[in-house]
Number of protein chains: 2
Amino acid sequence: SGAASIIGGKFTAGQIRQEVALAVSALTSKGLRPPGLAVVLVGERKDSATYVRNKKLACEEAGIVSFGTDLPDTATQQQVIDAVKAFADDPNVDGILVQLPLPDGMDERAVLSAVPIEKDVDGFDPLNLGMLATRGTEPLFVPCTAAGCLELLQRYDVPIRGKVAAVVGRSNIVGTPTAMLLQNAGATVTVVHSQTPDAKAVCANADIVVAACGVPEMVRGDWIKPGAAVIDVGINAKDDPTKKRGYRLVGDVAFDEAKEVAGAITPVPGGVGPMTIAMLLKNTLDARMRSS
Amino acid sequence: SGAASIIGGKFTAGQIRQEVALAVSALTSKGLRPPGLAVVLVGERKDSATYVRNKKLACEEAGIVSFGTDLPDTATQQQVIDAVKAFADDPNVDGILVQLPLPDGMDERAVLSAVPIEKDVDGFDPLNLGMLATRGTEPLFVPCTAAGCLELLQRYDVPIRGKVAAVVGRSNIVGTPTAMLLQNAGATVTVVHSQTPDAKAVCANADIVVAACGVPEMVRGDWIKPGAAVIDVGINAKDDPTKKRGYRLVGDVAFDEAKEVAGAITPVPGGVGPMTIAMLLKNTLDARMRSS
Ligand SMILES: NC(=O)C1=CN([C@@H]2O[C@H](COP(=O)(O)OP(=O)(O)OC[C@H]3O[C@@H](n4cnc5c(N)ncnc54)[C@H](OP(=O)(O)O)[C@@H]3O)[C@@H](O)[C@H]2O)C=CC1
Ligand SMILES: NC(=O)C1=CN([C@@H]2O[C@H](COP(=O)(O)OP(=O)(O)OC[C@H]3O[C@@H](n4cnc5c(N)ncnc54)[C@H](OP(=O)(O)O)[C@@H]3O)[C@@H](O)[C@H]2O)C=CC1
């Protein structure tokens, strides 16, 4: 009966950005250095350029100084690594991110490993994931999208401890860290992936469903337990001739169906998407606070 | 109808130990240095002393040179760390393990972090767990008990890819790495822990159950799906007046019940237990091969 409440990622992200901005101005008003975030962008992908621009705008708005190196498609792997290393040595830079994907043929792991863990605000260092998985240790940074999913559940008072959760997808940057965070918070987690025999049954049994599989609208209404919380990480373009640009954005959940069954659900766009950037600012602030 | 086949951990561990012994003698027959394993033992716990003695015997049998430092209960944390560091600097030592638990009040994490990752044959370094969790990277060492569970499933031809698995327990050294290994091998894994609402239902749905909760005989016969593979990590002493020593060892699975339902099951003792030491020897050999 269309009863699901909407988990407003845009609103919550705005709150977090404001919290970060306040903390930054508390620093600068004491004459202290503001946080700095550096982005290394390789090549001319339009979507990557848009992401980077949005990150820089968000930084500016929060008082975080942004740094950037743009390299052409033709850059060598060593040149990319050197760009990362220059920021690693720069005391005004607290966080470094390498915009992915890198051009074909470049070794992502080799480039990322040039980011020192204290500046790894994306949380992509395997040691960060290991510290997240190890009880009794804390990661320096949690990957931004995963952190955003948990932050939404927490700020919307969705109970996690003692609940059953399904995470659809097991990527290093979304599914896997989200599953770890949910388990650390006391959920019983099942991770669904491309070899899972009955993804629907796993989701239908869950109080919390996080969809991060990159398959447009894969999670249908009858995959959702009545009253469950649904976090949709997916961002997919779907043909839509009624739109001027010819497509619209849809998630990995069939929103119109799921909202009839779920207790709470994130929209796409305006759900997890804005949270990712907000958590990046938060991680950069955390890095700055640690450096002093 | 008592149909479960027995997964013979003792037998398989013997095979692995023989494989290691062969590889070691291939080294030494070429005049090369044999692998070396160092054990740091603090205090006088009887069970710990027994474990350490068994590890040293197994090393000897496989041609691995064993080193050891025994420190009294009264040793300071710094003295324990110094003992670890001495082995870290010793070129004849390929693997270092610190026998746990350490005496009360000692910071386990601080002591373990003195073990360099290239010699962390227990696989306890958070970076090892992180590399195990990260797709596209491989850990230097997998924690021995978890590696032993997977090795048993593989050597007994239990299919994993596309199957459903339940891991009962989420400790850093057993449950968590075992769940990661199963997921990496293509299983859909649910991790059960003390806040799980319905552990029985999770297990009853699984093709593979790994029990590592430390609760004697918690997993009952009616928790097992007919034909499932059951790996029992538990080692618990249960009062038994019919035994001379007054107790017998039981697992975390009610063996007599479960063997009537399961397709294959490990006994306790003689299941996972012997595999843990065998995998330690294997990890030490791997460390040696890398060092050359
Ligand atoms: N909101 C945001 O800020 C962000 C959104 N995204 C979006 O989130 C989604 C996931 O991104 P990402 O994690 O990077 O994606 P990846 O492509 O890296 O991972 C997708 C995962 O989903 C699994 N999967 C794929 N198809 C199926 C299927 N049919 N059934 C079950 N599981 C399946 C894959 O399984 P297997 O491992 O077996 O291959 C894989 O683990 C995408 O839509 C992406 O656009 C991503 C990052 C940030
Ligand atoms: N064969 C071998 O060589 C080895 C055997 N062992 C044996 O394996 C077992 C597990 O060892 P270890 O991993 O070190 O144990 P830990 O005590 O470190 O962890 C036990 C785990 O089981 C969970 N658990 C405890 N009680 C319950 C319950 N009632 N229901 C569901 N989950 C529960 C705990 O949950 P939570 O996290 O929520 O507290 C915890 O994650 C023990 O019996 C131990 O003796 C251990 C190492 C080697």
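On a 1 Å grid over the protein atoms alone, a cavity is a set of points where a 1.4 Å probe fits but cannot get out, and lining residues are those with an atom within 4 Å of a point. Grid points are joined across faces, edges and corners, and a volume is the space filled by probe spheres set on the points. By these terms, a search of the whole structure finds two cavities of 30 Å³ or more.

The structure is a predicted model, in which local features need pLDDT of at least 70 and side-chain atom pairs count only at pLDDT 80 or more, while totals for chains, interfaces and linings use all residues. Residues are numbered from 1 along each chain as its sequence is written, chains are lettered from A in the order in which they are written, and side-chain values use heavy atoms, with hydrogens and water left out.

The interface comes next. Contact (heavy atoms within 4.5 Å) joins 28 residues of chain B to 28 residues of chain A. The area buried between the two chains is about 2600 Å², and carbon and sulfur atoms give 52% of that area. Buried area here is the accessible area (1.4 Å probe) that two parts lose on being put together, summed over both. Nine residue pairs, both at pLDDT 80 or more, are in polar contact between chain B and chain A. On the side of chain B that touches chain A, α5 (126-133), α7 (175-184) and β6 (188-192) of chain B are the elements that give two or more residues. Helices (H or I, at least four residues) and strands (E, at least two) are DSSP runs, numbered from the N terminus. The largest share of this side, six residues, comes from α5(B).

The largest cavity has a volume of about 370 Å³. Of the 22 residues that line this cavity, M180(A), Q183(A), A179(B), M180(B) and Q183(B) lie nearest its centre. At least two lining residues come from each of α5 (126-133), α7 (175-184) and β6 (188-192) of chain A, and from each of α5, α7 and β6 of chain B.

The second largest cavity holds about 40 Å³ of space. This cavity is lined by I96(A), L97(A), V98(A), L112(A), V115(A), D120(A), D122(A) and F124(A). Strand β4 (residues 95-98) of chain A gives the most to this lining, with three residues.

Notes
A polar contact is a pair of N or O atoms within 3.5 Å; within protein, one must be able to donate a hydrogen and the other to accept it, and residues adjacent in sequence count only if both atoms are side-chain atoms. On a 1 Å grid over the protein atoms alone, a cavity is a set of points where a 1.4 Å probe fits but cannot get out, and a pocket is an open set with protein on both sides within 12 Å along at least five of seven lines; lining residues have an atom within 4 Å of a point.
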